[in-house]
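This report describes the fold of one protein chain for a reader who is new to structural description. Please keep the sequence and the model in view while reading.

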Amino acid sequence: MIEYVRGLLAELTPAYAVVEAAGVGYGLNITLNTYSTLQGARDVRLYVYEVVREDAFTLYGFATKEERAMFLLLISVSGVGAGTARMILSELTPAELCGVISAGNEKMLKTVKGIGLRTAQRIIVDLRDKIAALGIAEAQPEQAARGDEQVNREVRDEAVGALTMLGFAPAPSAKVVTAILKEQPTLPVEQVVKLALKQIK
């Protein structure tokens, strides 16, 4: 079992990171929150969750143990797979998610693609008592900002690429991302993707 990977950040997109350690490049699926944490970093440590199947070996990487712990709790809920858990943790930080679950805010959970009313209720019922053991304090979400005054084509392409990797069709994703950047051209990639996730259904 791989506990964590520590090394040089060789590649980074909003949904994927490659960490080179001892000459080996480890490709890991990441959340937008982890992407935000890794931006500008060189030497990194990502906590790992492995998914081993007959036809695939997939690694998920998390910037903190708390985020990985929330991911593991989410996938323990019936009907919530790794992809859906990553989507939830791309829209909400671990602290925000704990707040949503503690408050029984099923409406907020339903805004995540793939989460219906029953699944939202199941997440709240199954995890409300368990999240207390994590000790994740409420924290204010980080808001990254950039000084670009014009629509950044690179941001648009990265955002569409991230949405495609998360399972959305490229054409609708591009339409939504373009509309977001026209209204708020200075948004960083992770914020564009978060807004797009709320709009694409």
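In S2, which residue is the bridge partner of Leu-9? The bridge partner of Leu-9 in S2 is Val-19.

## Basis of the description

This is a predicted model, in which local features need pLDDT of at least 70 and side-chain atom pairs count only at pLDDT 80 or more, while totals for chains, interfaces and linings use all residues. Residues are numbered from 1 along each chain as its sequence is written, and side-chain values use heavy atoms, with hydrogens and water left out.

## Overall composition

The protein chain has nine helices and five strands. Helices (H or I, at least four residues) and strands (E, at least two) are DSSP runs, numbered from the N terminus. Along the sequence, the elements of the protein chain follow the pattern β-β-β-α-β-β-α-α-α-α-α-α-α-α.

Of the 201 residues of the protein chain, 43% count as buried. Buried means under 20% relative accessible area, exposed means over 50%, and partly exposed lies in between (1.4 Å probe, protein chains only). The accessible surface of the protein chain comes to about 10500 Å², of which 49% belongs to carbon and sulfur atoms. Such areas come from the Shrake-Rupley method with a 1.4 Å probe; for residues, only the protein chains shown count as cover. Among contacts between residues at least 6 apart in sequence, 56% join residues at least 24 apart. Contact means heavy atoms within 4.5 Å.

## The paired strands

Two strands pair if DSSP finds at least two bridges between them. S1 and S2 pair in the antiparallel sense over five bridges, and they form a hairpin with two residues between them. Strand S1 (residues 4–13) is also joined to S4 by five bridges, again in an antiparallel arrangement. In this pairing, Val-5 stands opposite Leu-46 in S4.

Strand S2 (residues 16–21) and strand S3 (residues 24–29) run antiparallel and are joined by six bridges. Here Glu-20 has Gly-25 in S3 as its bridge partner. The hairpin of S2 and S3 has two residues between the strands.

Which residue has a positive phi although it is not a glycine? Ala-22 does, with a phi of about 55°. Most residues other than glycine have a negative phi. Ala-22 lies in the loop between S2 and S3 and is exposed, with a relative accessible area of 84%.

## Helix H2 and its surroundings

Helix H2 (residues 65–75) and helix H4 (residues 94–103) pack at an angle of about 40°, with their axes 9 Å apart. H2 is therefore oblique to H4. Axes are lines fitted to C-alpha atoms, for helices over the stretch in contact, and angles run from 0 to 180 degrees between N-to-C directions. Angles under 35 degrees count as roughly parallel, over 145 as roughly antiparallel, 65 to 115 as roughly perpendicular and the rest as oblique.

At this contact, Glu-66, Glu-67, Met-70 and Leu-74 in H2 meet Pro-94, Leu-97, Cys-98 and Ile-101 in H4. These residues divide into six nonpolar, no polar and two charged. Ala, Val, Leu, Ile, Met, Phe, Trp, Tyr, Cys and Pro count as nonpolar, Asp, Glu, Lys and Arg as charged, and the others, Gly among them, as polar.

The buried residues of H2 are Glu-67, Arg-68, Met-70, Phe-71, Leu-73 and Leu-74. They pack against several elements, including helix H1 (32–38), strand S5 (56–62) and helix H6 (117–127). Leu-72, also found in H2, counts as partly exposed at 36% relative accessibility. Helix H3 is mostly covered, with nine of its ten residues buried.

Lys-130 is placed in the loop between H6 and helix H7 (153–165). Not counting residues up to four places away in sequence, Lys-130 touches Leu-73 and Ser-76. Lys-130 and Met-70 are 60 residues apart in sequence and 9.8 Å apart in space, C-alpha to C-alpha.

Gln-199 is found in helix H9 (residues 189–199) and is partly exposed, with a relative accessible area of 47%. Leaving aside its neighbours within four places in sequence, Gln-199 is in contact with Val-176 and Ile-180. The C-alpha atoms of Gln-199 and Lys-113, 86 residues apart along the chain, are separated by 9.3 Å.
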